[in-house]
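Good morning, colleagues. Please look at the sequence and the structure on the screen, and I shall then take you through several of their features.

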Amino acid sequence: MITSAQPARTALGWSCAGCHSGGGNVVQGGASLFQGDLDRNGAASPEAVYSIIYSGKNKMPGYGVGCTPRGKCTFAARLTDDEVQALTQFVLSKAAAGWK
């Protein structure tokens with residue numbers, strides 16, 4: 001379970017860094033985790049980031065334990081609600097700091 005910044009950073013590296021290394025997005029330009037893209041895409045609120053991590057959006061699969069339909073969700077290990085919440089806070093704090 002992710003409960004602090006360090007485990008959230010580990011989960012980001014494990015699940016997310018393939019596409020979002022350093023806050024970027026190698027799959028879909030303009031959909032990075034930098035504040036400007038989050039704002040432009042209506043994804044800057046905790047609720048929006050949580051929803052995207054949990055259920056996926058566009059080319060990004062969902063990682064939540066209850067994500068459906070199957071084809072829209074990761075085939076890897078799923079994240080609990082608490083883990084998605086911690087990861088949401090981590091992403092928003094890193095975005096606010098410019099991923100530094």
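This is a predicted model: local features need pLDDT of at least 70, side-chain atom pairs count only at pLDDT 80 or more; totals for chains, interfaces and linings use all residues.

Let me begin with a question: does C16 count as buried or exposed? C16 counts as buried, because its relative accessibility is 13% and the cut-off for burial is under 20%.

C19 is partly exposed, since its relative accessible area is 31%. The closest cysteine sulfur to that of C19 belongs to C16, and at 8.8 Å it is too far away for a bond.

C16, by contrast, takes part in no disulfide.

I turn now to S32. This residue lies in the loop between α1, residues 5–20, and α2, residues 35–40. S32 is buried, because its relative accessible area is 10%, against the cut-off of 20%. What does the side chain of S32 reach at 3.1 Å? It reaches the backbone nitrogen of F34. A further polar contact, of 2.6 Å, links the side chain of S32 with that of D37. If we set aside the neighbours within four places in sequence, the residues in contact with S32 are G23, G24, N25, D37 and L38.

Next, the interior. In soluble globular proteins, nonpolar side chains tend to be buried together. Here, the largest nonpolar core has 18 residues, and I53, L79, L87 and W99 have the most contacts inside it. Two helices, α3 (46–55) and α4 (81–96), each supply at least two residues of this core. The largest share, 6 residues, comes from α4.

α4 has 16 residues, which at 1.5 Å a residue should span 22 Å; the C-alpha atoms at its ends are 23 Å apart, so the two values agree. After α4 comes G98, which has a positive phi, near 70°.

Thank you for your attention.

Definitions and conventions:
Residues are numbered from 1 along each chain as its sequence is written. Side-chain values use heavy atoms; hydrogens and water are left out. Helices (H or I, at least four residues) and strands (E, at least two) are DSSP runs, numbered from the N terminus. Buried means under 20% relative accessible area, exposed over 50%, partly exposed in between (1.4 Å probe, protein chains only). A polar contact is a pair of N or O atoms within 3.5 Å; within protein, one must be able to donate a hydrogen and the other to accept it, and residues adjacent in sequence count only if both atoms are side-chain atoms. Contact means heavy atoms within 4.5 Å. A nonpolar core is a set of buried Ala, Val, Leu, Ile, Met, Phe, Trp, Tyr and Cys residues joined through side-chain atoms within 4.5 Å. The expected span of a helix is 1.5 Å times one less than its number of residues. A disulfide is a pair of cysteine sulfur atoms within 2.5 Å.
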